[in-house]
Amino acid sequence: MQGATQARKYRLQGAGLDLALPYLMLAPGLMIVLGVLVYPLWDGLRASTRAYRYGSPVADVGLQNYLHLWSDAQFLNALWVTVKFVALSVSFEAVLGFALALFCLNEFRGIRLLRTVLIIPMVVTPVVVAIVFRLIYASDAGMLTALSKAMGGGEVQILGNPLNAFIGLVALDVWEWTPLMFLILLAGLQSLPHEPFEAARVDGAGAWRVFADLTFPMMRPVLAVAIVLRTIDAFGTFDQVFVLTRGGPGEATRLISIYGYDTAFKFQQTGYAAALFVTIGLVVLALAFSAIRLLRRIDAS
């Protein structure tokens with residue numbers, strides 16, 4: 001009798017361990033998530049409601065930092081520059097990525113090498129990309145100036161001209177991140193069913209009709225996902241701008257990330273910078289939710 005009771009006790013203990021084991025296995029990962037994501041987010045929200053002096057909180061200001069943002073001309077200008085940068089960059093990347101994906105969908109000799117070469121810009125460190133483009137854009141000894149002088153021209157001013165600097169930053173981003181669009185869209189094209197395209201060819205449809213009536217409508221969800229992912233990532237662009245222009249000349253390339261960096265570290269307005277980044281995070285989150293609703297409508301149609 002005593003042996004049976006003891007055996008039952010061991011079985012219950014084993015069952016309890018089996019129930020607790022999954023949670024024990026998840027505990028390290030949960031602690032990492034709390035430490036890396038949740039706590040910094042909470043600390044940032046708390047900091048955004050305070051006023052700081054020399055890195056130390058001196059007063060609670062509530063929502064004053066958030067209200068001040070929308071009357072701050074520099075913040076509104078940085079937000080407008082960021083929106084223009086994201087809209088232009090992502091638009092060019094989507095068009096070029098789609099065109100490259102359609103071209104590389106065909107199988108011919110050397111296609112694997114071409115696909116490998118096309119993704120090289122994406123795997124290069126952003127800081128290295130910015131340094132290379134800074135050397136290309138340099139007005140005194142840059143590659144563009146060298147080509148211009150070789151053809152009888154003069155110095156090419158890129159980083160010293162506000163409009164040219166903005167266009168140069170967009171060109172850098174397009175060169176670096178078009179491969180991401182290319183990879184996503186190529187994977188989407190390769191996953192499309194073959195039967196509708198074969199039927200269209202049998203009916204005598206040309207390449208343009210096949211693209212307009214079949215390829216593009218079937219690729220809209222994939223294209224929307226690629227645009228959303230790239231848009232969210234482009235809002236946080238920092239490394240390339242910091243190395244290439246530091247937001248200049250003037251405020252021509254002063255993205256919201258650069259303005260937030262200057263506010264926090266150059267001007268020591270920690271609470272205001274925290275409110276700025278929380279606001280931008282909420283804007284990006286709203287864009288993501290809007291994109292999800294758009295995708296659902298596309299799937300439903």
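What radius of gyration does the protein chain have, and what would a compact globule of 301 residues have?

**View 1. Overall dimensions of the predicted protein chain.** The protein chain has a radius of gyration of 27 Å, whereas a compact globule of 301 residues would have one near 19 Å; the radius is taken over C-alpha atoms, and the globule rule is 2.2 Å times the number of residues to the power 0.38. Along its principal axes, the C-alpha trace spans about 105 × 70 × 35 Å. This is a predicted model, in which local features need pLDDT of at least 70 and side-chain atom pairs count only at pLDDT 80 or more, while totals for chains, interfaces and linings use all residues. Residues are numbered from 1 along each chain as its sequence is written, and side-chain values use heavy atoms, with hydrogens and water left out.

View 2. The protein chain contains 13 helices and two strands, defined as DSSP runs (helices H or I, at least four residues; strands E, at least two) and numbered from the N terminus.

View 3. Strand β1 (residues 50-53) runs antiparallel to strand β2 (residues 56-60), and four bridges join them; strands are taken to pair if DSSP finds at least two bridges between them. Arg53 has Ser56 in β2 as its bridge partner, and of the two residues between the strands, Tyr54 in the turn has a positive phi of about 55°.

View 4. Thr263 is found in helix α12 (residues 256-266), and it counts as buried because its relative accessibility is 1%, where buried means under 20% relative accessible area, exposed over 50% and partly exposed in between (1.4 Å probe, protein chains only). The side chain of Thr263 reaches the backbone oxygen of Tyr259 at 2.7 Å. When neighbours within four places in sequence are left aside, Thr263 is in contact with Gln268, Gln269, Tyr272 and Ala273, contact meaning heavy atoms within 4.5 Å.

Terms used: A polar contact is a pair of N or O atoms within 3.5 Å; within protein, one must be able to donate a hydrogen and the other to accept it, and residues adjacent in sequence count only if both atoms are side-chain atoms.
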